[in-house]
Structure formats: structure tokens, C-alpha cells
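Please keep the sequence and the model open while reading.

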Amino acid sequence: EKQKLKRLKSIKPVTIDGTGIDLLANIELPSDLEQVKENGATGIGLFRSEFLFLNRNDLPDEDEQFEAYRAVATEMDGKPVTIRTFDLGADKNLKHSVPTAVNPALGLRAIRLSLSETQMFHTQLRAILRASRYGQIKILIPMLSNATEVFQTLHLIEHAKQTLHNDGIDFDEHIQVGGMIEIPAAALSPEIFLQKLDFLSIGTNDLIQYTLAVDRVDDAVAYLYDPFHPAVLWLISRVIQTANRSKKPVSICGEMAGDIQFTRLLLGIGLTQFSMYPAQLLLVKNQILKSNLPDIRPLAHKIIRTAHPEKMHDLLTRLNS
Ligand code: PEP
Ligand code: MG
């Protein structure tokens, strides 16, 4: 079985009806790239840059970050590399920062932290921009909840570009900027983000946590963490359909993207970009190669509209067989 999957490595991910799908990889450090190549990814859909900041006593400076981003861009050889700005706080903390918030998952994390630690953010933005001339780099903003955060972030990116201009340093002037949809409020108003951003990526790990009010790192409530919950599926389909209608790319980069139970369902509701742990790529590709969109669309939409858990599981079994 494993040998059979290996053979899919250089086969293009295309459905039976001829729809091309992007199969992207999630990485944490440049050292993950070997696995990415082994599994034939069409790009990096999520580079969790905060891992450069963890398990150390100091912060990575601009040059160190630049080297890491450039290494990934160069290795990927023109394929897209989506760098998420640091998603620190909550479940990913700096070594010496003592978490003081009572509800860190609802506190100063991700883009909220970036917008309050603007010097640290500026350093990262400069490093990413400098690396952008070595490949196809995109910037991805985590945990957006409102339009103000988008404006502020775009303003800081403009400022970082200006300082590079002043220093006479080249970068990709047209670098794309996208936002993560991880908060239900954002999933309910994707238009706000589509207006100003180039693409969206749905972070289902956090979207499930916040939609169901289930702490993703608390074992005591893990049994409630349900990606099949109708509210979760409905939010995801709404974001995908709104993005598709506005002709802007949308991907999923949470664990759901790499879980073959969901591949056909997500294809059926219009998803064409999946980003996942490299080890899942060939399994998902195998599923894509066996799927015919005209056949699966009606059933997928029926599943999204079904509020009966048992009926939904029956329909899903039918969809996946
Ligand atoms: C997510 O929330 O789905 C996601 C991809 O980000 P992370 O798992 O790093 O929070
Ligand atoms: Mg997340």
C-alpha cells in the first residue's frame, strides 16, 4: 500500500472530471522541507513561523529570520511559500514570557500580539519581504477578527516596504497578503477580509475550538471537539463559497485538510487548495484522483445542510465509498 502511494508522488492532483487541486504542505521549520519534497507538495500552504521563536532564550533577529525564509523560498524553487506571521500566545508561548491571561486563547495572541509588539512584527515583516525576491512568498495573517486589524496590518506592511526602499533593498513589491479565518466572527463575515486581502486560509483547528467553545489543548473536553458539527461544516462552506464567488483563492490549513474522511466533502463544497502535514499528502492525493466532482457535489451539499448527526454519517459513508 505504501509503495503504491509513493508512486503517486509525481502525478498531478486532478479529479476525474479534470479539476486541478493544490496540495500544499504545512511546515514548522526549514528542516521539514525534505518530507515536503518526498511527498510531492505543490507548495507550502502554511509555514508556522512562530517555531523559529520557540524553545530559546532570545528572539531571532531580522537576519536570522531572513535566512530561514530565504532557505525555504529557494528550496521550493518558485512554488508558493505561504509564511504565517508569528502566531504566539495561547498554546505557543515564548520561553520566558509568563502567561498571565486567564483565558489565553481569547487573549493577546497571534495578530493581536503582533499589533501590540510592533517592533517585533516590523522585524519579521522586513525579513519576509527581503526573502520575497528568492521565490514566490506570500504573507498570511493569523487569527483576524475584524477589519481594523486588516487595515493596521496592511499599514505596517506598507511601512516595512518603505523602510526597505529607503535602505535600497529589493523585494517583491506585489507580495500577496492573506488572512486566516479561525474565529467564527470572521467566518460569518468573510466579505470584510476578501475586500482588502488577496486570499484566505481557513484554520479549522482554531475555528472548531472557538465555534464549539472547546479548548483544543484540554483533554477533559476533547470528546466535544467535533469537526463534523453542523455549525462547523456550515461555517467552512460559507467561507469557501464566498471566496469562490469573489474569485479569490481559499485554502484549508487545519487538520481537516489532511484527513481523508473530509477530502470528498471539501471538494464537493468547492475547495481546491488543501494544506496539511507532508505525511498526509499522498493519501489525500489518492482520494482526489478517485473523485468526480459532478458526482460528489449534490451529496456534499446535502451533508452540509443536514442537522441529523446519524443521517449525516450515513450520507458521508455514501460519499466516501
Ligand atoms: C488552525 O488553527 O487550524 C491552524 C492551521 O493554525 P494552528 O494549528 O497553528 O493554530
Ligand atoms: Mg490556528
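Against which elements do the buried residues of α9 pack? They pack against β5, α7, β6 (199-202), α10 (230-245) and β7 (250-252).

## Basis of the report

This is a predicted model, in which local features need pLDDT of at least 70 and side-chain atom pairs count only at pLDDT 80 or more, while totals for chains, interfaces and linings use all residues. Residues are numbered from 1 along each chain as its sequence is written, and chains are lettered from A and ligands numbered from 1 in the order in which they are written.

Helices (H or I, at least four residues) and strands (E, at least two) are DSSP runs, numbered from the N terminus. A residue is called buried if 20 or more other C-beta atoms lie within 10 Å of its own, exposed if 12 or fewer, and partly exposed in between, with C-beta atoms placed from the backbone. Two residues are in contact if their C-beta atoms, placed from the backbone, lie within 7 Å.

## Helix α9

Helix α9 is mostly covered, with seven of its nine residues buried. These are Thr204, Asp206, Leu207, Ile208, Gln209, Tyr210 and Thr211.

Alanine 213 follows α9 and is found in the loop between α9 and α10. Alanine 213 is not a glycine, yet its phi is positive, at about 55°. With 9 other C-beta atoms within 10 Å, alanine 213 is exposed.

## The annotated pair

In an unreviewed UniProt entry, the annotation "binding site" covers Glu182 and Asp206. The two are spread over 25 residues of sequence but cluster in space, the largest C-alpha distance being 5.3 Å. UniProt positions are given in the numbering used here, feature names are shortened, and annotations may be inferred rather than shown by experiment.

Glutamate 182 lies in the loop between β5 (176-181) and α7 (184-187). It counts as buried because 26 other C-beta atoms lie within 10 Å. Apart from neighbours within four places in sequence, glutamate 182 is in contact with Pro142, Met143, Gly203, Asp206, Leu207 and Tyr210. Aspartate 206 sits in helix α9 and is buried as well, with 24 other C-beta atoms within 10 Å.

## Helices α3 and α5

Helix α3 (residues 62-76) packs on helix α5 (residues 118-131) at an angle of about 35°, and their axes are 8 Å apart. Axes are lines fitted to C-alpha atoms, for helices over the stretch in contact, and angles run from 0 to 180 degrees between N-to-C directions. On the α3 side the contact is made by Glu62, Gln65, Phe66, Tyr69, Arg70 and Ala73, and on the α5 side by Thr123, Gln124, Arg126, Ala127, Ile128, Arg130 and Ala131. Six nonpolar, three polar and four charged residues make up this contact.

## Helix α11 and its cover

Helix α11 (residues 260-268) is largely enclosed by the rest of the structure, because seven of its nine residues are buried. What covers these buried residues includes β7, α12 (281-289), α13 (293-305) and α14. Phenylalanine 262 lies in α11 and is buried, with 24 C-beta neighbours inside 10 Å. Just after α11, glycine 270 takes a positive phi of about 105°.

Histidine 313 lies in helix α14 (residues 309-320). Is histidine 313 buried or partly exposed? It counts as partly exposed, because it has 13 C-beta neighbours inside 10 Å.

## Alanine 110

Alanine 110 lies in helix α4 (residues 110-116). Its phi is near 50°, a positive value in a residue other than glycine. Alanine 110 is buried, with 27 other C-beta atoms within 10 Å.

Key:
Nonpolar A, V, L, I, M, F, W, Y, C, P; charged D, E, K, R; others polar.
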